[in-house]
Amino acid sequence: MDRFKLIGLLAALAMASGIQQAQADKSDDTLRIAWGADGVMHNADNYYGATRAGIWFSKMVWDTLIERDPTTSEYRPNLAKTWTWVDDTTLEFELRQGIKFHNGEAFDADDVVYTYNKVSSDSGVKFQRIVNWIDKVEKVERYRVRIHTKEKFPQAIEFLSGPMPVYPNEYYESVGAEGMSKMPIGTGPYKVVSMKPGEEYRLVRNEDYTWGGPKSMAKIKNVVVRELPDLQTQVAELIAGGIDVTADLTTDLAEKLDGTPGVSAEQAGTLRVFYLGFDAAGRTGHKAMTDLRVRRAIAHAINRRSIVDNLMRGAARVLDTPCHPQQFGCVESAAMAYDYDVEKAKSLLADAGYGDGFEVDLYAEAPAQEAEAIIGDLAAVGIKAKLNRLPWEAYRDAQLANKAPLFLTNWGSYSLADAAAIISVFFSGNEDDFARDREVTEWLGIADTSTAPETRKAFYAKAIERITEQAYFLSLFSGIRSYGYDSNLAFVAYVDEIPRFYEYSWK
Amino acid sequence: MLTFTIKRLFSALLTLLLISIFTFSLAHLAGDPAIAIAGREASAEDIARIRAHYGFDRPLVQQYLAWCGQALVGDFGRSYHYQQAVSEMLATRLPITLILGISALGFALAISLPLGIVAAIRPNSLIDRISLGLAVVGQAMPTFWFALVMIVVFGLTLRWLPISGNASWQNFVMPTIALGYFATPALMRLTRAGMIDALESDFVRTARAKGLSQTSILFKHALRNVMIPVVSVSAVQCGAMLSGSIVVEQIFALQGIGWLGYDATVRSDLPVVQAITLVIAAFYVLLTLLADLLNAVLDPRIRIG
């Protein structure tokens, strides 16, 4: 029996036997968060840690120059008061004055210069794409800095509002990366009290967070984050009242938990895109995948609606674009849609000379159910797909070793609301590009570097049209994140998969 | 005796060396460590850069020798993910696994020895049947399932014990039972079988003929013989508990080296994998040595032979 089902069953038994209702511990005003089932936060310094939990932690402890409103998607001044493009590759910021880091160190231009110059020149930083557009950062005045980009980089504002926190230069210089990880110091709404790496982190409200930034002062005074790598344990703790919130649930568990007294569950749509990738460039030597008719046949053969309705459920939606429509530049109208049409799929296969079907290896790291459903759909049109379901690391190894003619995976775009964070990753002529369409690469080059929003949109639209028309990449559906929380907690989920723990309060 | 000791030490060191070579090779053969280190949302360029940054593009032998050079002076390097010294991480986490492993072995012995002895004294009695039932269930039941059942019963329904963490001794109760119960059947059946053999042996018959009390026969003569294989198996079980507590540590969120080792393996945190493997291997070597010495104390023939 599947372990998830098992705990569901056990939890149901426990509920049936009349367990006490989970109680929010309002008395000590402490929010108990569990994460870790979706990956432990090894390192609080997320430039080096590169985990999703690290992004959540970062939002609590640090600030960015700009903050994107998660509801309206507007860019709001945060550590920066204003910003202007001085020229195509120079972005100038006037910084907010009077802000102090948790250790008392004053925030000024030196911190911005130090942080961004350091991370953009260090090859140990994991998400290079987040920082490698920076050429250098210079101090103009105490509260004025300039970021010079290597080339035109219009996404800079989005990136700077993403996972790019500003660190205190003097503190970082004295304690180094290890010291920062052990005792993070930021300007954010929560101060770190203690850190047991990979185990437990205790935070307390930053009472000085009154400088009028777009992030609110923390409503709940204390936060305890516990790394609970086992999802079943998280569920048990949630029911028992040992934790107040988790963002690691599966759809099944969220549905089961929703009826539990004292516990609420919510499933929210995310920017994550699940997709089927084709080796259209022939890197694996699988001839059928290089044939447009075959790729289109596969697109018509998969009943995406049924997968969304029956397996993904919740807030997931069928996607036609190779990006999430909520990302800038992801022009839905440009995409060619493939309806579910088995006869058309069979006819396309027959035209391509594969009337009797063919065999193909499908590499997947997505949940097994979705992969099985796709295999069933492909079998209905005569394609015998052999499932190689692997952990992420092994899957990626096989993909980069050109062993995967067909692959099922997903991409979260680092929570960035810009089409460049997905389309340009997979179609820029690099190793991750399994289409190698020079025109698409050229158009993306223009879209990625143009400072005129309309030009960007137009060129992303051209790329989307070609990518979908050529069926280089079949978007399946958007992802969902499932949350479980104490019913007494005023919880809100956001599309960028980042819970703003400082916003939550007790009802 | 000195030659014997030197030989034993030499073979222990050789074992550790071979294990480290084996672990290092396996970790690299299992796939490109740069992929796991770069993270879930890393592009191919990110992975290539990480490969160069950590020197994974160097020849394997060169990488191994570099690691060995550091390890010989007690520096196990730094974790690729935690950015911490591995020795520091082990110092924090090893005690948790040791407490769990030793208490689980203690629990297993506390259950298996008395039950095994009683079952041997009264074969086919009710108590023998019960102990057989316990042994079969213990062997057949997956540890994770047993752990979850305990969580539901003692953590959720009765609320007697904390579900996860390592804050107090109560946190270790369920993990100890979950881990210890798995080792109980082997020890119990071994004690029972050994005891039955011993009770039917000539020296016990002689002891009875001499008019010795039942207690004296059981504990001074029979049990002493039974303990020899039990001690050997306990040593192996203790090693298995130290290295095999991954599932228990994960479910109860005990941050010991079992779960750390598993996580490090999945994420190709090679310095951590290497260090943990060596530590566990060293424990095995040490425990086997201790078991030999203890058996030598229990059985003069081993000492002399």
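A: Happy to! Let's start in the loop of chain A that runs between β15 (406-411) and α15 (423-426), where Ser413(A) is placed. This is a predicted model, and in it Ser413(A) has a positive phi of about 55°, although it is not a glycine. Is that residue buried or exposed? Ser413(A) counts as buried because it has 24 C-beta neighbours inside 10 Å, and the cut-off for that class is 20 or more.

Stepping back to the domains, the assignment for chain A gives domain 1 (43-185) and domain 2 (270-481). The centres of these two domains, taken over C-alpha atoms, are separated by 33 Å. Where they meet, domain 1 of chain A brings 16 residues into contact with ten residues of domain 2 of chain A. On the domain 1 side, those residues comprise eight nonpolar, three polar and five charged ones.

Next, a sheet in chain A. Four strands form an open sheet in the order β4-β5-β7-β6, with antiparallel pairing. At its edges are β4 (80-87) and β6 (134-141) of chain A, each of which pairs on one side only. Ignoring direction, neighbouring strands of this sheet are turned by 20° against each other on average. Within the sheet, strand β5 (residues 90-95) and strand β7 (residues 144-149) of chain A run antiparallel and are joined by five bridges. Here Glu94(A) stands opposite Arg144(A) in β7(A). Helix α4 (residues 109-121) of chain A lies across β5, β6 and β7 of chain A, and runs at about 170° to β6(A).

Finally, the partner chain. The contact between the chains takes 50 residues from chain A and 40 residues from chain B. On the side of chain A that touches chain B, the elements giving two or more residues are α1 (3-16), α5 (128-131), α7 (169-182), α8 (231-240) and α14 (392-400). By class, the residues on that side of chain A divide into 23 nonpolar, 14 polar and 13 charged.

Methods. Residues are numbered from 1 along each chain as its sequence is written. Chains are lettered from A and ligands numbered from 1 in the order in which they are written. This is a predicted model: local features need pLDDT of at least 70, side-chain atom pairs count only at pLDDT 80 or more; totals for chains, interfaces and linings use all residues. A residue is buried if 20 or more other C-beta atoms lie within 10 Å of its own, exposed if 12 or fewer, and partly exposed in between; C-beta atoms are placed from the backbone. Two residues are in contact if their C-beta atoms, placed from the backbone, lie within 7 Å. Ala, Val, Leu, Ile, Met, Phe, Trp, Tyr, Cys and Pro count as nonpolar, Asp, Glu, Lys and Arg as charged, and the others, Gly among them, as polar. Domain bounds come from an automatic or database domain assignment. Two strands pair if DSSP finds at least two bridges between them. Axes are lines fitted to C-alpha atoms, for helices over the stretch in contact, and angles run from 0 to 180 degrees between N-to-C directions.
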